Amino acid sequence: MNLSQKCMIRKVKSMDKALIDLIFMSQKRKDLLLLLKNGGKPIEEIVNGLNVNPTGMLPQIKKTER
């Protein structure tokens, strides 16, 4: 394995850890991902399914879109 490949592997591992941290630091994001595990849903269905305020949920959706 060359140096470039090793750097890429480290970068992916770092991104994986950052994503895991992002998810587990918020109950809303965990609930959102569980709701969306079988595919995308309209915002109305997300809001109703999680019984949350759309204004409070939009930042969580944006964070998970990365």
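Guide: Two residues are in contact when they have heavy atoms within 4.5 Å of each other. The model is predicted, with local features needing pLDDT of at least 70 and side-chain atom pairs counting only at pLDDT 80 or more, while totals for chains, interfaces and linings use all residues. Residues are numbered from 1 along each chain as its sequence is written, and side-chain values use heavy atoms, with hydrogens and water left out.

Visitor: How many helices does the protein have?
Guide: Helices (H or I, at least four residues) and strands (E, at least two) are DSSP runs, numbered from the N terminus. From that end, the elements run α-α-α-α. There are zero strands, and the number of helices is four.

Visitor: What percentage of the residues in the protein is buried?
Guide: Buried means under 20% relative accessible area, exposed over 50%, and partly exposed in between (1.4 Å probe, protein chains only). The protein has 66 residues, and the buried share of them is 15%.

Visitor: Is R29 buried or exposed?
Guide: R29 sits in helix α2, which covers residues 27–35. Leaving out residues up to four places away in sequence, R29 touches L22, I23, Q60, K63 and T64. Its relative accessible area is 7%, and therefore R29 is buried.

Visitor: Which residues does Q60 touch, not counting residues up to four places away in sequence?
Guide: Q60 belongs to helix α4. Its relative accessibility is 12%, so Q60 counts as buried. Beyond four places in sequence, the residues that Q60 touches are S26, K28, R29 and L32.

Visitor: Which residues in α4 do K28, R29 and L32 in α2 meet?
Guide: Helices α2 and α4 pack at an angle of about 70 degrees, and their axes are 10 Å apart. Because of that angle, α2 is roughly perpendicular to α4. By class, the residues of this contact are three nonpolar, three polar and three charged. On the α4 side, K28, R29 and L32 meet G56, M57, Q60, I61, K63 and T64.

Visitor: At what angle do helix α3 and helix α4 pack?
Guide: Two packed helices are described by the angle between their axes and the distance between the axes. Helix α3 takes in residues 43–50 and helix α4 residues 54–64. Their axes are 10 Å apart, and the angle is about 110 degrees.

Visitor: How many nonpolar residues are in the contact of α3 with α4?
Guide: The crossing of α3 and α4 is right-handed. Helix α3 brings I43, I46, V47 and L50 to the contact, and helix α4 brings P54, M57, L58 and I61. No polar and no charged residues take part, and the number of nonpolar residues is eight.

Visitor: Is N51 buried or exposed?
Guide: N51 lies in the loop between α3 and α4. Its phi is near 55 degrees, a positive value in a residue other than glycine. With a relative accessible area of 71%, N51 is therefore exposed.

Visitor: What distance separates the C-alpha atoms of L33 and T64?
Guide: L33 is in helix α2. Its relative accessibility is 33%, so L33 counts as partly exposed. L33 and T64 are 31 residues apart along the chain, and their C-alpha atoms are separated by 8.4 Å.

Note on methods. Axes fitted to C-alpha atoms, helices over the stretch in contact; angles between N-to-C directions. Left-handed = near helix turned anticlockwise from the far one by under 90°. Nonpolar A, V, L, I, M, F, W, Y, C, P; charged D, E, K, R; others polar. Parallel < 35°, antiparallel > 145°, perpendicular 65-115°, else oblique.
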